[in-house]
Structure formats: C-alpha cells, structure tokens
Amino acid sequence: MMKDMMAGFELFQPADVETALELLDRHGAASWRLAGGYDSLDWLKNRSKQTRAVVDLERIAELRGIRESGGGVEIGALTTLTEIETSQLIRERYGLLADAARKVASPQIRNAGSIGGNLCQDTRCWYYRYGVKCYRAGGNTCYAAAPEAMNREHAIFEASRCVAVTPSDCAPAVVALDAEMVVRSRAGERVIRAADFFMPPSIDIRRMTVLEPEELLVAVRLPAAWAGASFYFEKVADRNVWDFPLVNVAAAFRMDGATVADARIVCGAVQCTPRRMAAAERLVVGRPRTEQVAESAGAASAAGAEPLAFNAYKVSLVENLVRRAVRGAQTSEPA
Amino acid sequence: MSEWPPTEVGGDTRASSTISEDAPWALPMVSAIPAAQPSPSWSRRDFIKGIIASGVTVSGLSYFGSGCSGALPAQTVGGVERLLSLSVNGQLRRVDVLPAETLAMTLRYKLGLTGTKLGCDRAECGACTVLIDGVTHYSCSTLTHRVRDREITTIEGLEGPNGELHPVQQAFVDELSPQCGFCTPGQVMSAVALLRRNPNPTREEAREALAGNLCRCGAYHNYLNGVMRAAQSLGAREA
Ligand SMILES: Cc1cc2nc3c(=O)[nH]c(=O)nc-3n(C[C@H](O)[C@H](O)[C@H](O)COP(=O)(O)OP(=O)(O)OC[C@H]3O[C@@H](n4cnc5c(N)ncnc54)[C@H](O)[C@@H]3O)c2cc1C
Ligand code: SF4
C-alpha cells in the first residue's frame, strides 16, 4: 500500500484558460496538467513520475462542451467520453467518434475521462509504467524489445528504439475524421492536424504528442467534410471492459453513389502513433466496397510489419480489421 | 493498514499541537489520543470507528505519513485551501484534505465512511464506486479537492430514515447477489445510479451499467438478477 499514496504536490484549480496557461508557464516542466486523472494518477501513485504543481483543468468551463462551428463540430478538451458517447450531435454526424469513446475503459472512467486526456495519454508499455529507465524514460535500452521480453501488446510498425504503442481508442477516430487540434499557450494559438499531433519515437522518444509542457489542448474540431460519412469502428481487446486495444480500427468512407470517393482507414495500438493504412485507402478509392475490394485492402494493410517475439498475431488482426471495416462501414443511425 | 493493533495507537499520548516528526506536514492532533488498547471485546471495526468518531485521525495520519520522504512544497500563491466542506450523504462535513488526497482516502480514513472499499486503487476494480452528483465515479481516482461543491453519495447514504435497506440492497439480499461481499457497495452504487437514470432497464443495459465493477467471485448473474428485481420493486412502489 505504501506506493498508493501520492507524493505531495501543490494543487491549482484555475477557473479559466488564461490562468492555467500562466501557471503552466510559471512551473514549466515541474507542472502537470490534470483532466480526468485516469492516466495521471497512475503515474503519481506509482511514483514513477513526479510533479510539484498540478494544474487541474476541471473548473475551466470554456474547456467543456460540444458545439457547432463552421459547419463542423468543436469539442472542448475537457468534455467527458460519456458526453461524447451520448451526444446526439456527435452520434448523428460523427458516429465514428461516439463508437470509439464508448469502447474506452469502463463507464466510471468514461464519466470523468476527457477527450483531451484520452488523446494526450501516455503509452501503456508496462516496463515503462513500472518505472524502469528505458529509452522513453531517458535511459539507454528498451526492455520490451529484449529477446526475453513480453511484448504481446507492442508495436508491429515504425519502431524506433521504443516499441510502445498508442493506447487510445479515440486517437484513430480523430485521425480518420481529419480533426484539428486547437492548442494554446501564452504565446498564442496553433491548430494542428490530428495526423501530425502524435509524436513518433524517431522524432522525440520522450513524449506521445507534439504538445510542449506549457501548452494546453483546448479543443478538437471535426470538419464538415466527414460529417455523415460511412463509418466503422472496431476494437479487439482481451476483455470488453477496462482493457486497452490490442488493435483497433477507425474508418471513414465518403461515398459517391456506390463508389468510394474518399477513404480514411486508421489503426491504433500497432505503432506509437495512429497508423493511416495508406495502401488500403488507395485500393478502395474509386471502387465499390465489394468483398473483393475488402479482401485486397486487407491483404495490403500489413505490408512492412515487423512483429516482435509475441505479437505476430497483430498482423492478421490488422488485415482482418481492415477487411471488416471496408465491408461493414455504415452511415450513422438517424436520431 | 494490515497490522493489528496499529503500532502508532497503543500508548501514544501526543498532545494537541504536536507535529509529528516523521510527517512534518501532517495535521496537528485535534485532541490527545487516548492511551487505550482496544479491549478484547471490541471488534476491529468498532475500534476504528471509535477512533474516527473521537475526531482523532491517527490511523489516517499514519497511513498518509508512510512512505512520504519529502515535505510538502511550501505553499504557493493560488494553491487550494486545505480546509474544506464536503457535502456527503446530505451532510456538510468539514475536513482537512491534502492536495494529493483521493476521495476514497478522505471518505474512509477521515470521515469514517468505510463502506466504500479500496480494492486496486487503480481504477481497475470498481469497489470504490461512489456517486458524485448522481453519476458513478471511482473515488480512488478522484482528488477530493475536485468535489468540493458537489453532492457525494456513498453506500452509507442509501439507508432509509429508520435504517432500512435501499431497495437495491434488499434486492441484492433476496437474489443472493454478493458472495464475499467486497465488491457489493460498488455494485450497489452503480445499480442505484442506473435505476435513477433508467428506472426500467433491460438486462443488457444493466450489464453495461455494472460493467465497471469487477466481482472476483464471479457473481455477475446474481447481481444482474438483483438489479432487475430492484427495478421491479421500485416500479411497484411508485405505482
Ligand atoms: C483501468 C483503465 C483502463 C483504460 N482503458 C482504456 C481503453 O480501453 N481505451 C482508451 O483509449 N483509454 C483507456 N484508458 C485511459 C483512459 O481513457 C484515459 O486515461 C483517459 O481518457 C484520459 O483522460 P483523463 O481525462 O482521465 O486524462 P488525465 O489523466 O487527466 O490526462 C492524461 C494525460 O494528458 C494530459 N492532458 C490532459 N488533458 C490535457 C489538455 N487539455 N491539454 C494538454 N494535456 C492534457 C495530462 O497531463 C496527462 O499527461 C484506461 C485507463 C484506465 C485507468
Ligand atoms: S517499448 Fe518504449 S516505453 Fe516500453 S520499454 Fe521499450 S523504450 Fe520503454
């Protein structure tokens, strides 16, 4: 039990974004942004990460809510996964994200877990979370890629020293929807495409997103272009509740009659960032979503995979999930 | 918390304003701690409750003290006030809460509400489920300072005016839902929240609503039977 009590920190509960940014600026790398806390408290309880100043976003009303904006929808970063899953607006226009949110963790976690926290969460590689000094923690080895390592949950693509994967169920969905991430710091606002928001280990092995310590993700914008498209989300996990994806797929197809006009097929938990299945997308665009097209898209999906000792099963999982996405995508149920 | 008797309690008579040396940031004692040993006729539960009721939070303090090597950083301007009022089960409770304290800790070790259980302390089991403004949350993963102005309901808050069981609890008894019983308070809270929001759930809806509560005895079907029976009896009461 000794490790279950967090080390002391100062807690700040600013009421607006300005004050939060000021606090982040003042405390720099010693600060910690807190949303629902379902990733954060784990680190602090295990004492594998420390902070002196927790900036709790809970009281910032402007970070909450789902609103229409410019033909699309803007979701405040602190909006809970339950709110997203049950929002009429999201279900009607962007059912893909509602389906993804619904698959996260457990009801209690979704009642507090936020979309911002879900997209910014750290990897679940348990060597790293256990607190060992691996590459990602600033050390000089990867425990998960060692010959005797248990790496059933790890990456099959794009490993670069670190073989950890993105654990998020919502991340592939926002990439498939071409979402924009609205980021603020005291220096101003920048808008980042979801596809560029997640950080590959080849560029910076120490973090999962491009966010700087003094920046806040304030909102996620879903563009009008993908509203009401045909969607498919599926997550494969050991249990239906709590467990992180072994592989998940989020797909969006814009149809022109019976043929696919544009497609996004994105898998999570196969590499450190959500992976666009570019070859599969190219194969379906301009064609009808027939069994044959689904088959060839699936077969093209895992090219270049480099499985570790215990995760070769992910190769066929990716192929099958892409097939199922092409076959099974549907427009959102009308309200 | 597994040792009995807790070594800090027996014979300790530290007086009011003493500040513990191994936990300099800990609360000054409110009153002297009685030098009493638990009498053999007391149950462990009675003893703990007695300690809590007398306003002495020694068991909590020793808990919080353990393993904390560094002192709390000096108060920075704008940080939260430690003394706060919590609305728990319809009562306003004044309590001194550390910034890093979770609601489960506050409820169990400061307010004596030990019906809320701590299983994993990692949001992976559901034993600590409480209602915050009627919505289920894991109290092990909720900082107490976040719920300052919210309404908290624990299992203790469900009993009727004359101590009668809540219909969900009664239904769980009737359906033999609990086996070992450790997950039961959490299961009850999830069921109560479900029935408030959806008085007439399907079994599948009940299954989803209780999905965040692990039962190591595997009594899931009995719990679901209990929820369905509770929905009936609540419906009948309303009719
Ligand atoms: C038992 C368990 C099971 C889980 N299962 C799943 C699962 O199956 N699928 C899944 O996708 N997730 C899962 N999760 C993760 C959970 O969904 C996320 O932890 C949660 O969504 C994160 O949201 P939060 O608001 O709780 O984040 P927090 O813990 O508060 O924050 C997470 C991280 O993001 C940063 N952050 C948060 N908000 C912002 C912001 N606005 N700007 C900048 N940085 C920010 C924080 O500093 C922190 O580093 C699980 C978690 C647990 C504990
Ligand atoms: S996979 Fe990455 S996070 Fe895990 S041990 Fe290797 S370097 Fe560390």
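The model is predicted: local features need pLDDT of at least 70, side-chain atom pairs count only at pLDDT 80 or more, and totals for chains, interfaces and linings use all residues. Residues are numbered from 1 along each chain as its sequence is written, chains are lettered from A and ligands numbered from 1 in the order written, and side-chain values use heavy atoms, without hydrogens and water.

Around ligand 1 there are 35 residues, of which A:Arg33, A:Ala35, A:Gly36, A:Ser114 and A:Lys235 come nearest. They divide into 18 nonpolar, 10 polar and seven charged. The site is shared between chains, because residues from chains A and B surround ligand 1.

Polar contacts are pairs of N or O atoms within 3.5 Å. Oxygen atoms of ligand 1 lie 2.6 Å from a polar backbone atom of A:Gly36, 2.8 Å from one of A:Asp39 and 2.8 Å from a backbone N or O atom of A:Ser40. Taken alone, ligand 1 exposes 970 Å² (Shrake-Rupley method, 1.4 Å probe); the protein buries 96% of that.

Helix H7(A) gives the most to the shell around ligand 1, with four residues (helices are DSSP runs of H or I, at least four residues).

How values were computed
A residue is near a molecule or strand if one of its heavy atoms lies within 4 Å of it. A polar contact is a pair of N or O atoms within 3.5 Å; within protein, one must be able to donate a hydrogen and the other to accept it, and residues adjacent in sequence count only if both atoms are side-chain atoms. Helices (H or I, at least four residues) and strands (E, at least two) are DSSP runs, numbered from the N terminus. Ala, Val, Leu, Ile, Met, Phe, Trp, Tyr, Cys and Pro count as nonpolar, Asp, Glu, Lys and Arg as charged, and the others, Gly among them, as polar.
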